[in-house]
Amino acid sequence: LSKKLGLKAGLKSCLVVGGGDGVGNLALIAEALAKKLDQCEGSQQLIVVCGKNEKIREKLLEIKVSDSLDLKILGFVHNMDEWM
């Protein structure tokens with residue numbers, strides 16, 4: 001499943017999911033978490049699912065992180081069960 005989703009096997013992963021109606025402050029949460037994870041020792045991966053909120057997805061695509069953090073920013077997905 002990791003391979004199918006494009007995840008790196010063996011890395012700790014964090015999944016952040018926002019509602020399609022823009023509920024909550026997904027951008028602020030995702031940016032803060034990315035910065036924190038980027039400061040951690042070792043490599044991690046952060047997956048952010050923005051739903052149908054294209055504006056937030058585009059904003060989050062601009063986040064700059066080091067090579068130790070694999071950052072995936074997704075829009076709406078039909079396979080949420082697999083991501084979880």
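**Entry 1: Gln44.** I began with the side chain of Gln44, where a polar atom lies 3.0 Å from the backbone oxygen of Leu37. I took a polar contact as a pair of N or O atoms within 3.5 Å; within protein, one must be able to donate a hydrogen and the other to accept it, and residues adjacent in sequence count only if both atoms are side-chain atoms. The Gln44 side chain also reaches the backbone oxygen of Gly42, at 3.5 Å. The model is predicted: local features need pLDDT of at least 70 and side-chain atom pairs pLDDT 80 or more, while totals for chains, interfaces and linings use all residues. Residues are numbered from 1 along each chain as its sequence is written, and side-chain values use heavy atoms, with hydrogens and water left out.

I placed Gln44 in strand 2 (residues 44–49); helices (H or I, at least four residues) and strands (E, at least two) are DSSP runs, numbered from the N terminus. With a relative accessible area of 8%, Gln44 is buried. Buried means under 20% relative accessible area, exposed over 50%, and partly exposed in between (1.4 Å probe, protein chains only). Leaving aside residues up to four places away in sequence, Gln44 touches Leu11, Lys12, Leu37, Ser68, Leu69 and Asp70, contact being heavy atoms within 4.5 Å.

**Entry 2: helix 2.** I then listed the buried residues of helix 2: Leu26, Ala27, Ala30, Ala34 and Leu37. They lie on the same side of helix 2, because they cover an arc of only 105° around the axis; the arc is that of the directions from the helix axis to the C-beta atoms. Leu28, Lys35, Lys36 and Gln39 are exposed on the other side. The cover over the buried residues includes strand 1 (12–17), strand 2, helix 3 (54–60) and strand 3 (69–74).

**Entry 3: salt bridges.** How many salt bridges does a search of the whole structure find? The search finds four, each a side-chain nitrogen of Lys or Arg within 4 Å of a carboxyl oxygen of Asp or Glu. One of them joins Glu31 and Lys59 (3.7 Å, N to O). This pair links helix 2 to helix 3, 28 residues apart. Glu31 is partly exposed at 26%, as is Lys59 at 46%.

**Entry 4: cysteines.** I found zero disulfides in the whole structure, a disulfide being a pair of cysteine sulfur atoms within 2.5 Å. The closest cysteine sulfur to that of Cys14 is in Cys40, 10 Å away and therefore too far for a bond.
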